[in-house]
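This briefing goes through one protein structure, topic by topic. Keep the sequence and the 3D view at hand while reading.

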Amino acid sequence: MQYLHTMVRVSDLEASLHFYCDLLGLEEVRRKESEKGRFTLVFLAAPADEARSTELQAPELELTWNWDPETYTGGRNFGHLAYRVADIYALCERLQSGGVTINRPPRDGHMAFVRSPDGISVELLQEGEPQAPQEPWASMENEGSW
Ligand SMILES: C[C@@H](O)C(=O)SC[C@H](NC(=O)CC[C@H](N)C(=O)O)C(=O)NCC(=O)O
Ligand code: NI
């Protein structure tokens with residue numbers, strides 16, 4: 001068995017692509033439009049990292065955008081998406097400058113949590129050893145609720 005993807009429904013596809021691709025760094029690998037079903041699926045993947053050639057394709061993120069607006073409630077049982085990142089401070093700076101809430105700042109240079117436009121929690125884990133504590137992150141408090 002192979003883990004293929006995680007699907008999240010998004011209320012604004014362009015805002016979600018800006019968050020997941022322009023800011024977080026994922027790449028669109030394919031998309032499917034359904035006129036009959038009135039929805040768009042966009043599959044995103046983390047850029048291939050030459051340093052880590054694994055046989056298994058890493059799981060993708062499937063964004064589902066329903067053309068007819070829906071209110072997505074509940075889902076408390078869903079926790080978060082997690083990505084290993086090369087430079088957690090640089091990425092959090094890019095996300096914050098793009099208006100993203102840093103729910104848990106990378107105080108320890110190891111782990112941070114941010115939220116997508118739809119409130120999906122995304123965990124960022126520093127690759128390798130944690131980075132040295134860096135201001136302003138080291139003294140920042142958590143933002144927002146969990
Ligand atoms: C392509 C494959 O990875 C899928 O996940 S298609 C699954 C299919 N998705 C849809 O019909 C999208 C629109 C629908 N209105 C929705 O919001 O899901 C599906 O069966 N979805 C139902 C589900 O529970 O995922
Ligand atoms: Ni799917």
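In this predicted model, helix α1 is followed by Gly25, a residue with a positive phi, near 105 degrees. The helix itself spans residues 13-23.

**Helix α1**
- The buried residues of α1 are Ser16, Leu17, Phe19 and Tyr20.
- Seen down the axis of α1, these buried residues fall within an arc of 160 degrees, so they line one face of the helix.
- An α-helix has 3.6 residues a turn, so residues three or four places apart point the same way.
- Glu14 and Asp22 are exposed, on the other side of α1.
- The packing partners of the buried residues of α1 are β1, β3 and β4.

**The largest nonpolar core**
- This core has 22 residues, and those that touch the most other members are Tyr20, Cys92, Ala112 and Val114.
- Two or more residues come from each of α1, β3, β4, α2 (88-97), β7 (111-115) and β8 (121-126).
- The element that gives the most to this core is α2, with 4 residues.
- Both domain 1 (5-66) and domain 2 (75-138) contribute at least three residues to this core.
- Leaving aside residues up to four places away in sequence, Tyr20 touches Leu26, Leu44, Leu61 and Ser116.

**The two domains**
- The protein is divided into domain 1, residues 5-66, and domain 2, residues 75-138.
- Between the C-alpha centres of domain 1 and domain 2 there are 19 Å.
- Domain 1 puts 13 residues into the contact, and domain 2 puts in 11 residues.
- On the side of domain 1 that touches domain 2, β1 and α1 are the elements that give two or more residues.
- The largest share of that side of domain 1 comes from α1, with 5 residues.
- Sorted by class, the side of domain 1 that touches domain 2 has 9 nonpolar, 3 polar and 1 charged residues.

**The shell around ligand 1**
- Which residues are around ligand 1? They are Met7, Arg9, Gly37, Phe39, Leu41, Glu62, Thr64 and Asn66.
- At least two residues of this shell come from each of β1 (5-10), β3 (39-45) and β4 (60-66).
- With 3 residues, β4 gives the most to the shell around ligand 1.
- The shell around ligand 1 is made up of 3 nonpolar, 3 polar and 2 charged residues.

Conventions
Residues are numbered from 1 along each chain as its sequence is written. Chains are lettered from A and ligands numbered from 1 in the order in which they are written. This is a predicted model: local features need pLDDT of at least 70, side-chain atom pairs count only at pLDDT 80 or more; totals for chains, interfaces and linings use all residues. A residue is near a molecule or strand if its C-beta atom, placed from the backbone, lies within 6 Å of it. Ala, Val, Leu, Ile, Met, Phe, Trp, Tyr, Cys and Pro count as nonpolar, Asp, Glu, Lys and Arg as charged, and the others, Gly among them, as polar. A residue is buried if 20 or more other C-beta atoms lie within 10 Å of its own, exposed if 12 or fewer, and partly exposed in between; C-beta atoms are placed from the backbone. The arc is that of the directions from the helix axis to the C-beta atoms. Two residues are in contact if their C-beta atoms, placed from the backbone, lie within 7 Å. A nonpolar core is a set of buried Ala, Val, Leu, Ile, Met, Phe, Trp, Tyr and Cys residues joined through C-beta atoms within 7 Å. Domain bounds come from an automatic or database domain assignment.
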